[in-house]
Amino acid sequence: MVLLPFLFVPLFTEALAPLCNLWRKTALPMFSQDGDIIIGGIFTFHDSPADPNLTYKTMPEVSTCKGLNFRGLQFAQTMIFAINEINKNTDILPGVILGYKIYDACRDIHLTLRSAMALLSGEDKASFQDGLCAKTSIVPAIIGPSTSPTAIAISTTLGPFSIPVVSYSATCSCLSNKKLFPYFFRTVPSDDYQSVAMAQLAKHFGWTWVGAIRNDDDYGNYGMATFVDVAQKEGICVEYSEAIHRTYPREKILRVVDIIKHSSSKVIIAFLTLNVFEILLKEIFLQNVTGYQWIGTESWISTKNAAMLQYYKIMNGAIGLSVSTTSIPGLKEFLLSVQPSLLPGNSGLNEYWQFLFNCTLYLKNTETSNSSCTGQESLGEINNQYTDMSNLGYTNDVYKAMYAVAYSLHKLLGCSHNESRSTCVNKSTNVQLQVPRSVCSESCLHGTRKAVKKGRPICCYDCIPCAEDEISNTTDSSFCIKCPVEYKPNKQKDECILKEIEYLSFQEIMGILLVTLSVLGALLTLLVGLVFYCHRETPIVRANNSELSFLLLFSLTLCFLCSLTFIGQPSDWSCMLRHTAFGIAFVMCISCVLGKTIVVLMAFRSTLPGSNVMKWFGVTQQRLSVCSFTLIQVIICLLWLLTSPPFPSKNMKHYTEIVILECDLGSTAAFSAVLGYIGLLALFCFVLAFLARKLPDNFNEAKFITFSILIFCAIWITFIPAYISSPGKYTVAVEIFAILASSFGLLFCIFFPKCYIILLKPEKNTKKSIMAK
């Protein structure tokens, strides 16, 4: 279960993050040295981790370590010693310089995995270029770790990367399963042999009634299972079999001690690691539990630890098995010659140095105090596990592991040696990457799909690009995925991205231009209204029905301003307002023009002898006609809004890569009724004005009305094909242009000739001039 976080991270971040990304800065190695090929090392420099405080509110801090392990330091320096020997030896890896990066495991699975990942990915963000995984930091092999649980953890994690792990002391029999751990190797015997030997040892002394205590992990569980199986065959009975772990609460440890005290067997088989055994010994010592014969595993029986001396009366007479020892020429001199360093990534000796010499290390200072040291002190006077050469069992296994890796690289790199020269074909281990390829078809990249070739095996296929609206984001995909409606594929066709949204906005140039024209038209209309108001008593204003003129100017102002509702992102209110406001404003405008046309006709008829027709179309009738015509349009618009009002919609049919925000008409019939009613009034007005175009006035209003309605009709007739053929936001722009053009046509044709007389030819603004004909 510990591996789940490492396995799931790439699955959930594939679409949202770069291919590779450092989650946090990795730890620096304890010892490091550059070389053509870097060998990884994971050793136990500390006995146990200090577990971080887990609040479940923030990212947990990285565990720290405590309790110096001098045996682990000896193992690490032995690896360095072996690398130095190999680099000087021209018979192994000639012309190749081996380097190393050595990390701390701290007897902890989490920290061991962290060290393994640091060896896999590098120490900093420089190893990640352009979001890709740089392969320069991948080591060809890792020496270590020391315990079986940690070896299982990193072998499982690094297995998919085909990185060999060569352990010098991980003895769990489970690691011999090559199906589960194909890249795990070791230079120490499996626990199967130790378990059998311990059972035979108990039988040799006639101990057929024993107790058993084990680590509650793979090392203890597998080892004890083998022992129990062999013990039964040898006629040995196990009274109890208890498991403990360093993280167990004290109550569980005390329960095990209590079982020992109340048991009848006097021989205890202890399948334990040293750090776990020390926890048990402490409680046994406090309760003065003595008189037991202990049979121990190599993990603790051969350990020369000063801390164990206090438990002598408990452990006196303990027997067990240990790894065979040997001598390594030159190793002791090397171990005593090492010196500390303050260089980052190479300061693993500093903490040991300060502990051994009870000082503070200042390598670069010139003045030292009584409590400081320079790093030149002699290790020859030190007598501890680091300098002890009497038991080099595991140390020898580290030495053999390093040479095993070197000989494997020698063969892998095609190194040769003859009288003239010694060379390796390739100094880089990137040859675990030059395995011959034998495929019928290369893998289909993202953005393509596989299509099996007709008549060929399934391994032979073509890579076909995905269709316009489809993507594939996995290698060798058999099909492409269709993007959601509002999304489109990116250029690589391996990701769906949002389509561009299009509508006529106030910020773009076309929108700004149309807003300017709308505001300009409204201001011009208000200016004309001001001119007419200031000259309302003059004959030309009075002769053209000033009330209808002012009402027409008001409706024209609304026509100019209603075009603004067509600009901007469509909303529920703007969609309902734009078409209804436009329809009502234009009907009011045409009604006023129609009223003025009828007034002109009635005025001419009233000049005939005996005619009193004007009394049938006076001021009251004019107001009622405008209100009646406008009310009909208001009713049409209300029915439209109540039954099937316009609403904002996303048009994704016109373009495949653009979403057009527009107003759906809701009811096409209602929209046609609005436009049709405007057209009907305009046609009726045009006919009447056309009939009155030759009336004998010096300043004939009917001519201007005829010309203005002619322009109005021409604009809206040409609007229909332009509206249908214009795409996207240009459809709205054409509609606004038609509104503005027809409004300007009415304003210019009907009012500018009058303004010209009022402002520039005031001498013609008389009743005599108007009625001259």
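The following legends describe close-up views of a predicted model.

**View A. Strand β5 and its covered residues.** Strand β5 spans residues 98-104 and is mostly covered, with seven of its seven residues buried. In a regular strand, side chains alternate between the two faces of the sheet. Leu98, Tyr100, Ile102 and Asp104 point one way from β5, while Gly99, Lys101 and Tyr103 point the other way. The residues of both groups are buried.

**View B. The pairing of β5 with β1 and β2.** Strand β1, residues 31-33, runs antiparallel to β5 and is joined to it by three bridges. In this pairing, phenylalanine 31 stands opposite isoleucine 102 of β5. Strand β2, residues 37-43, runs parallel to β5, and seven bridges join the two. Here isoleucine 37 stands opposite leucine 98 of β5.

**View C. An open sheet of five strands.** The strands follow the order β12-β11-β13-β14-β15, and their pairing is parallel. At the edges are β12 (237-244) and β15 (319-320), each of which pairs on one side only. Within the sheet, β13 (residues 267-271) and β14 (residues 293-296) run parallel and are joined by four bridges. Isoleucine 269 stands opposite isoleucine 295 in β14.

Notes: Residues are numbered from 1 along each chain as its sequence is written. This is a predicted model: local features need pLDDT of at least 70, side-chain atom pairs count only at pLDDT 80 or more; totals for chains, interfaces and linings use all residues. Side-chain values use heavy atoms; hydrogens and water are left out. Buried means under 20% relative accessible area, exposed over 50%, partly exposed in between (1.4 Å probe, protein chains only). Two strands pair if DSSP finds at least two bridges between them.
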